[in-house]
Amino acid sequence: MTNGWVDIKNADVILVMGGNPAENHPCGFKWTVEAKRTRNAKLVVVDPRFTRTASVADVYAPIRPGTDIAFLNGLIRYALQTGRYHEEYVRIHTSGPYIVGDKYAFEDGLFSGFDPAQAEYDKSAWAYRADPKTKAYQVDPTMKHPRCTLQLLKKHVERYTPEMVERICGTPKDQFLKVAEVVTSTGNAQRVGTITYALGWTQHSVGVQMIRAAATLQLLLGNVGRPGGGVNAMRGHSNIQGSTDLAGVFDNLTGYLATPRGELTDLKTYLKAETPTTLNGAPWPTMNYWSNYPKFMVSLLKELYGDAATKENDWGYQWLAKVDGNYSWLYIYDDMYRGSSQRAGGTEPGPEGLLTFGFNPVGVGPNTSKIINALSKLKFLVVGDNYQIETATFWKAPKEYGGPDSSQIKTEVFQLPCSGFAETDGSFTNSARWLQWKWKALDPPGQAKTDQEVLARIFLAVRDLYRKEGGALPEQVLNVSWNYTDPVNPDLGEVLKEINGKAVTDLKDKDGKVIKRAGQQLDGFSQLQDDGSTSCGCWIHSGVYTEAGNNAARRGTQDPTGLGMHPDWAFSWPANRRILYNRASADAQGRPWDPTRPGIAWNGKLWVGDVPDILPNSPPGQYGAFIMNPEGVGRLFTPSLNDGPFAEHYEATEAAIENPLHPKVTSSPVTVRFHSNKDVYGTRDQFPVVCTTYRLTEMYHYWTHHTNELNQLQPGFFIEIPEELAREKGITNGSRARVTSARGSIEGVAMVTRRLRQLTIDGKRVWHIGFPLHWGYEGDPKHVGPLANFLTPSAMDPNTWTPEFKTFLVRLEKAS
Amino acid sequence: MTADGLEIRQSSASVWGSATELRNLKVVSKLIDTTTCIGCKACEVACQEWNDLHIVPTTQTGTYQTMPSLDANYWNLIKFREVEESGFFAWLLRKDGCMHCADPGCLKACPAPGAIVQYQNGIVDVNPEACIGCKMCETGCPFDIPRYSAKTDKMAKCTLCVDRVQVGLEPACVKACPTGCLEFGDKAELVAVAKARVEQLKQNGFTQAALYDPPGVGGTTVITVLAHGDHPEWYGLPKDPQVPVAVSLWKNVARPLAALAIAGSFFAMVAHYLSFGPKTPKEGAEKPKGDKPA
Amino acid sequence: MRSIPVADQRSGSGMGDAAMARARSTEDVVVGDEIVRERLSARVVHWIVALTFFVCLFTGLPIWTPYLGFLAHLFGGLHVCRILHPWAGVAFAVASVFMFVQWVSQMKLTKADREFITPKGMLRYFQYRNEDADVGKYNGGQKLLFWAAALGTVGLLITGLVIWFPLEFPQWVREASYLLHDAAFSLFFAMIIGHIYLGTAAEPGTFRSMIRGTVTKSWARLHHPRWYREVTGEKAGG
């Protein structure tokens, strides 16, 4: 989230798309209700289903799954055509005036720079135009230049007329226009709107571009950085934000530093490649905060390897594992399934063993059959969880999932009972980026241990083996700093201290005064150094555990701004800032756009209000509002994504129709697919019904079907079917229905409803159905159910490698 | 359960009734705002947990609703209803549970002294000690709330967490509600809150929005904001709930009449005996054997 | 005043005198000064009906009104009454079926009975001015009681079942049942008060017909002249 949960109460309009917060984020949704009550805010819901959120919405519009970009581009077009956007904001805080280089073009569904052989874009084709003399960015403050991003955007979205939106999305024109009117009512200084989304946007082959489109819309409306505004990802789990912050994805180290790639052979090369620079390399009048990259990286290495990390050995850079290709987790399973791994380094055998903690790949992964078959090729599998999850018993999965007979499976499975979240201290990082400390409520039962104890014991045993017997790359293991009071069961408070970072040697300011003595906790990432004098486990979290103590455990309820920022409640990364890009909440002179809802304001000497997202004493005009971008402004045009600088509507990998905009390029040309014999995709003539998956408020992922209190509330799997379609198929409410995709077939109780409707798409009748994903074959036999992902495809977004769980094609029939 | 120390305003099948207001207890209220209820069922779980109720086995039958209707072990149930009227569609979610009527039909119908009581603060409570499991309250209730437990042979329903309220806490459902669509407080204050909300709804196009506080049962302690106040039946609420005619008729008319008939019969016989005495054979007839009534 | 020879007592298999012995299986025969009116089985059925009736009554009354709540103590509390009452009701209904079958053939209303049960006839009866009435074994009033009891029992049974299992029935049926059960019981009870009064205090000599099974000839002549004539072959007014 750029803003936070509480901040939603400051919004005038709340657009919910690609999410169902009433269902999946009910506690956070209270702030939407608060905005409705106290500000008479309008809740706008655009969703394929009339959801629980829609049930309390002011405006609801149906949409075909996977077509959100068309809808959002339609909104952008509406805003630009009607002038209902915040022009002054666009001029000073976005890349609207920036001029794009001549190589950029968009034709017949393809951006320039497309390489059909690799199915990849050469992103250099989308570079900004450099001033011939200074080589710096060229801008046109009037935003009239035909190559400025605002004009290019206008041209790009020209095709997304309300009629085209109806044709693609199936949203009746009048309903679309109603949404457009309400949403663009915030395109000015007086009003603010927020957009909240969740996995309904991320889990598409064009997921990142959906969010891109939303961000573009918010920048146009002038809603980013302002209280009550923003682009707000509602994270799917209580600590998923924390796990991404702390290297939960293969291509990230902590704090979104890049995982070194094989070709970056030393630290200098790595830092040069990863530290963003301005167009001409010269210091542009922006903060370009990422220019501090070396400080973050060296401090991280210092944290990992302690005294072993020295300037001479590149702070241990060589000991970090390098990647030679894509190791996103589905790639690993693909390697496992095929028994071999082909990447830059050539062909290698597939993985032999797997440790999986707090994760249930058999339930979570797309194309379940492939996952089960992949696991059955392992020599050993270690599962750490607090329930007997489907992954631990993949070898006895029911026959229909197509795994090998259990007598043929040689995988040795070790099940380690681990604690649940209530059985351990630690912190959750929520969608609002708050690190909130929590205390264990009870001890783990029986022999169950906390995850950190299990991992510590494995680590220490491996280290002992290396000490005794040596082995390949021993430094990687032997040099790891492991200074915990109890090395076998590290205290997570100590871990949080490491994450915050400390002074390794005395830190001095410019005048030579000691500001931190060696060993003291740092106040924040601004104190980090690239000379080995500081260590820090995750730079963005720095400030969470200072000399003042564990700030994540703070529970102060003071609200000096009255806007729900609560600076003394927990710790909000970065730097306890509650609203990112909050410089954009004020105009060029530093006056808040809306004085009743100031983010920060310039008082002549300092920025006051929230923790400013800019140098606190830098006068207005000195730096751009978007300090993490070298150009210092919010991007209407994004040259850094893998699938295009503007969002463009593409059909899902399993396309329900031919793309009306460019029939030759129906689906995204750069979507990632696998090519094993299990990676099969269906066509609309065989599988005419659009299908989507989702979650229920009564259940938590694949966990809670082990809890009968909750099974009582949602006793089993069901398939939501529109009334008219059910009638055609002879399916009655409560009877059984069967859904089949190219990959599998599942059966469940039919929930016949009017909350899903037939849509007219491109002149044709298109149905969509859906089902929740919470069940599996483990747990109380009365409450087991099919694994929803048996049907989902392993096509992925080319930026995040997130599978397309939310749109695929199926066949529906009455179950015999 | 019954709460010790709370004054009882009314008690079922009481001979004398209760005189109260020794203590200055305000009438409490729970406000349900259906327009901000998201049907998350947190209130259902909170109710189960606080009251230590058993799990009720359920099966998926094609609805989001936990079970078809309330249960002796399930006192709080969100009702999910899809309503479609000429182009307008709504998914109406309403928390169903005891309304705690000011004039409770259950209490009226109950034949067991003290099995149903109404405290001075408006809460209507079942006392399992006195309940005889006759189910008459089910007939007496215009909202179909009390449920019979075959296990205990007693009735059960929402107590408005009288044990919590008594010590100054809100009911468990209100505590758990994430959106704040449930509020708890003094009735007069909550009615004002609810009316403001109704006004807001009217301004937002719900011209028929209303507060459901039905006068037919003397008003309810649990009051409900409805966007479609002209159609309470869309929410599964009776349009004009009344204490069933039969209950009033029975208590107020039939029972006195019956008592009169019985007493009349008895006194008529006494009068007859005194007037006419026994009918015996006239002179000359033989004396009957064993003429004494046994 | 009875003088029962000891031998006679023994001759009847050790139970009762000769008349009583006859009364075990026969009706409408003269034994000495007595006439057998109700055979043993009839009396047993009658008393079972009466017993179950009173169990119903005394378990029902405390449920009916808290003023009679003290009656519940006879059975161990109101909850016991609630459980006992419907079962006693079923027993009462079953016994009543036997009673009905037993007497129904004798309960056809004759022309004289119809006249008897007119208000005028009833008034005459209660004023003891009906001596010349052509009354058979059962007078019109008794027949009326029989039919009213049968009807009332059916009503009580049906409404009672609804009250017992209210959830199986729609609201209006339940509501109607409470009222009808109440009405039926109160009329029934009022009627039974009259029945008891007439069978005991008002008409001495009647009660023994339900104990011994026999009545005296004079009783029969007085209350049921036609029956007396039929049984004894005597002329009326003798």
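Which chains have the most contacts between them among the two pairs of chains that touch? In this predicted model, the pair with the most contacts is formed by chains B and C. Chain A and chain C, by contrast, do not touch, and their nearest C-alpha atoms lie 23 Å apart.

The contact between chains B and C draws on 41 residues of chain B and 46 residues of chain C. On the side of chain B that touches chain C, the elements giving two or more residues are helix 3 (136-140) and helix 7 (245-276) of chain B, and of these helix 7 of chain B gives the most, with 15 residues. When the residues of this side of chain B are sorted by class, 26 are nonpolar, seven are polar and eight are charged.

The contact between chains B and A takes 29 residues from chain B and 31 residues from chain A. Here at least two residues of the side of chain B that touches chain A are supplied by each of helix 1 (42-50), strand 3 (77-85) and strand 4 (88-96) of chain B, the largest share, four residues, coming from helix 1 of chain B. The class composition of this side of chain B is 10 nonpolar, 15 polar and four charged residues.

Chain B itself contains seven helices and 11 strands. Its C-alpha atoms fill a box of roughly 100 × 45 × 40 Å along the principal axes, and the radius of gyration of chain B is 25 Å, whereas a compact globule of 294 residues would have a value near 19 Å. Buried residues account for 48% of the 294 residues in chain B. Of the contacts in chain B between residues at least 6 apart in sequence, 63% join residues that are at least 24 apart.

Within chain A, the domain assignment gives domain 1 (6-236) and domain 2 (689-814), and the centres of these two domains of chain A, taken over C-alpha atoms, are separated by 28 Å. The contact between them involves 22 residues from domain 1 of chain A and 28 residues from domain 2 of chain A. On the side of domain 1 of chain A that touches domain 2 of chain A, helix 1 (21-24), helix 8 (199-202) and helix 9 (207-220) of chain A each supply at least two residues. That side of domain 1 of chain A comprises seven nonpolar, 10 polar and five charged residues.

In soluble globular proteins, nonpolar side chains tend to be buried together. The largest nonpolar core of the model has 232 residues, and those with the most contacts inside this core are A:Ile14, A:Val44, A:Ala214 and B:Cys110. When neighbours within four places in sequence are left aside, the residues in contact with A:Ile14 include A:Ile8, A:Ala35, A:Leu43 and A:Val44, together with A:Gly193, A:Thr194 and A:Thr196.

Chain C contains an open sheet of three strands in the order 1-2-3, with antiparallel pairing. Strand 1 (30-31) and strand 3 (214-216) of chain C stand at the edges of the sheet, and each has a single partner strand, so one side of each is left without a neighbour in the sheet. Strand 2 (residues 34-36) of chain C is joined to strand 3 of chain C by three bridges, the two strands running antiparallel, and C:Val36 has C:Thr214 in strand 3 of chain C as its bridge partner.

Definitions and conventions: Residues numbered from 1 in each chain as written. Chains lettered and ligands numbered in written order. Predicted model: local features only at pLDDT ≥ 70, side-chain atom pairs only at ≥ 80, totals over all residues. Domains from an automatic or database assignment. Contact = placed C-beta atoms within 7 Å. Nonpolar A, V, L, I, M, F, W, Y, C, P; charged D, E, K, R; others polar. Core = buried A, V, L, I, M, F, W, Y, C linked by C-beta atoms within 7 Å. Buried ≥ 20, exposed ≤ 12 C-beta atoms within 10 Å, placed from the backbone. Pairing = 2+ DSSP bridges. Rg over C-alpha atoms; globule rule 2.2 N^0.38 Å.
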